[in-house]
Amino acid sequence: MTDARFVQGLPRRVEVDGGRGGSAPWRSDGPTRIGSFELESTLDAHGLRWTLIHHGASDAAIQSIGLVFAWPDDGRDLRMFRQGLQSWSETDVARFGVDRDPSYGSMLAPEVRATYQADPEPVADASELRSEWVTVLGGGGRTPLLVGFEAGTRHEGTIRLRRRDGAVELVVEAFLGGALLVPGVPFELHPVVFSHGDSAEDLLVRWAERVGRLGGARTSSPYLRGYCTWYHYFERVREEDIRTNLALARDFGVDVFQIDDGHQRTIGDWLTPSERFPSGIEPLVSAITAAGMTPGIWLAPFLVAPDSEVFREHPEWVARRLDGSPHVGMWNPAWDGGMGGLMFTLDTTRPNVLAHLESVARALVERGFGYLKLDFTYAPRLEGLFANRHATPAERVRAGYEAIRRGAGEQTFILGCGAPLAPTVGLVDGMRIGPDVAPSWEHPPRPAGEPSYGVTADDVPGYAYCQPATRSALQNTVFRSFMHRQLWANDPDCVMLRPTQTKLTAEQRVTWARAVGVSGGLYVLSDDLSLLGSEERAAFEETIALGHASDEAARHGTPATTTSLLEGGPLRLTSANTSVAFDLDRGTSERSHAR
Ligand code: 9PG
């Protein structure tokens with residue numbers, strides 16, 4: 001139920017650019033004026049509807065516009081469900097006044113923070129917490145209150161909780177990321193809904209159901225058993241690794257056999273194989289298809305390496321930094337690419353770039369791929385000079401996804417990864433909803449000669465969570481379970497069951513496989529399958545059966561849910577008749593029969 005009393009009584013003021021662009025008391029009887037901007041808003045039983053207009057002689061840039069509410073602070077314990085911006089961003093429950101936003105005191109470059117949060121600016125003080133797209137507030141025995149944007153395709157949205165001048169404030173902020181507004185042309189912001197209910201989990205499922213319905217979410221792909229090369233072979237995958245595992249994958253009932261990072265000569269040249277694939281990709285596609293599986297492939301479509309053909313032929317396709325140099329969307333030493341791992345970002349506001357993305361997707365589908373994993377897709381949301389300066393970060397990301405969907409057609413399964421969640425609804429079939437797993441429970445140590453990631457947890461203080469660790473993937477799987485089959489099919493990331501060449505204990509391997517199972521999300525194995533014996537086989541059968549049942553329930557509107565989200569109970573996922581309790585520190589789990 002919407003709480004009209006809450007939403008009608010309490011707005012205080014409107015802020016532009018977090019107050020740096022000015023602020024004014026909110027008016028209920030007409031537009032609120034701040035400098036050249038005018039905000040027309042109505043708050044009623046349905047929530048907030050708002051439209052922004054700029055009056056002036058020329059275009060004006062705007063970072064964000066926020067509506068500030070007074071929060072009735074009664075001194076009780078207050079908690080916030082924190083939803084992260086993109087696939088790898090942390091999702092959890094934070095205690096107001098105790099926990100910190102990852103940006104607090106951050107010395108990282110703004111573009112690193114903008115990889116994981118909508119607004120790259122650090123929070124103003126130690127008390128401030130934020131959640132992206134949706135939040136639920138509660139704790140201390142309160143009735144939980146959900147605050148959520150109805151969509152995120154035109155712009156992103158952030159909800160903040162903070163202490164100002166002794167009072168607690170709730171801020172509902174539309175993030176436009178410096179996009180230019182045209183004088184006199186109304187920019188309709190996404191409506192914001194407020195709802196109260198006894199269960200935070202139910203509120204989230206109902207919100208996701210509404211957002212999915214309004215956004216034309218693609219939720220009907222079949223339950224998916226996959227194989228992925230990444231978490232065993234990493235970037236060193238070879239042609240023969242595909243062949244060996246393909247022969248064994250059939251035995252595991254694999255539907256989609258996905259070749260991950262490492263098949264390409266360099267980032268950006270997606271149709272040119274690496275030298276580790278001397279026969280090229282086509283014979284492997286044929287072999288996978290002949291084995292009765294759908295071939296899948298990984299690409300980071302919006303990134304191009306300095307040494308790629310696409311960049312050398314079309315340097316003008318790349319966005320620019322404010323100083324005019326090529327826009328850097330990622331630094332990953334493992335990719336090299338001619339400049340030590342610096343990768344440039346394609347300008348997804350240029351029609352010829354979109355035509356290129358469309359033709360790459362079409363070419364991959366024509367080669368026989370029916371599954372595309374689109375990775376590092378946050379890149380075009382980072383600040384920079386793009387040809388169309390009227391496009392918001394959300395629109396730049398979505399335009400890229402739209403082009404790929406046009407080229408790939410309706411039948412191709414598109415998996416979003418490293419993806420801002422909100423802008424992609426209606427375009428993706430699956431979505432990675434957590435950071436990378438790893439063959440270790442905690443963050444792997446800085447690599448020494450073994451297949452590895454370029455960037456480690458130590459490189460991103462405050463955001464270490466977003467770097468590979470099975471423990472973090474599990475946490476996100478639990479907290480984002482409500483999205484499954486409402487917004488897309490959740491991809492919790494790969495299951496690793498190999499008993500050797502791993503630092504995961506037997507119990508940790510089963511714990512993670514159970515989490516993937518009970519979540520109902522994509523079940524993708526990533527091992528050298530020849531290492532799996534009868535014990536691993538049994539764990540696979542047990543957890544995939546759990547997955548089938550949970551996914552079936554999710555298709556009927558009841559995804560697996562965690563319990564007492566805001567009361568700080570133990571981490572638990574329950575679906576149909578099974579409940580699994582997790583111990584994140586130890587990596588253990590207990591499976592029980594739910595009522
Ligand atoms: C391939 C991998 C896998 C994986 C993706 C993504 O350096 N980094 O910060 C970094 C972050 C994420 C990452 C790799 C490196 O993982 O999530 O499933 O496809 O890319 O490179």
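Student: How many disulfides does the count come to?

Tutor: The count comes to zero disulfides. Please bear in mind that this is a predicted model.

Student: What is the nearest cysteine sulfur to that of Cys417, and how far away is it?

Tutor: The nearest one belongs to Cys228, at 9.4 Å. A disulfide requires two cysteine sulfur atoms within 2.5 Å, so Cys417 is in no disulfide.

Student: Is Cys417 buried or exposed?

Tutor: Cys417 has a relative accessible area of 1%, which means that this residue counts as buried.

Student: And Cys466, what is its nearest cysteine sulfur?

Tutor: For Cys466 the nearest cysteine sulfur is that of Cys417, 12 Å away, and Cys466 is in no disulfide. Cys466 is buried too, with a relative accessible area of 7%.

Student: Changing topic: how many helices and strands are in the protein chain?

Tutor: The protein chain has 12 helices and 29 strands.

Student: What radius of gyration does the chain have, against that of a compact globule?

Tutor: The protein chain has a radius of gyration of 23 Å. A compact globule of 595 residues would have one near 25 Å, so the two values agree. The C-alpha trace spans about 70 × 60 × 40 Å along its principal axes.

Student: What share of the residues count as buried?

Tutor: Of the 595 residues, 63% count as buried. The chain exposes about 21,100 Å², and carbon and sulfur atoms supply 50% of that area.

Student: What share of the contacts with a separation of 6 or more comes from residues 24 or more positions apart?

Tutor: Such residues account for 73% of those contacts.

Student: And the charges, how far apart are their mean positions?

Tutor: The mean positions of the 59 positive and 77 negative charges are 2 Å apart.

Student: Which residues is Arg320 in contact with, leaving aside neighbours within four places in sequence?

Tutor: Arg320 is in contact with Pro315, Ser325, Pro326, His327, Gly384 and Leu385.

Student: Lastly, which helix does Pro351 lie in, and is Pro351 buried or exposed?

Tutor: Pro351 lies in helix H8, residues 351-367. Pro351 is exposed, with a relative accessible area of 64%.

Key
Residues numbered from 1 in each chain as written. Predicted model: local features only at pLDDT ≥ 70, side-chain atom pairs only at ≥ 80, totals over all residues. Heavy atoms only, no water. Helix = DSSP H or I, 4+ residues; strand = E, 2+ residues; numbered from the N terminus. Rg over C-alpha atoms; globule rule 2.2 N^0.38 Å. Buried < 20%, exposed > 50% of the residue type's maximum accessible area, 1.4 Å probe, protein only. Contact = heavy atoms within 4.5 Å. Areas by Shrake-Rupley, 256 points an atom, 1.4 Å probe, with all protein chains shown as cover. Lys, Arg positive; Asp, Glu negative; His and termini not counted. Charge placed at Lys NZ, Arg CZ, Asp CG, Glu CD.
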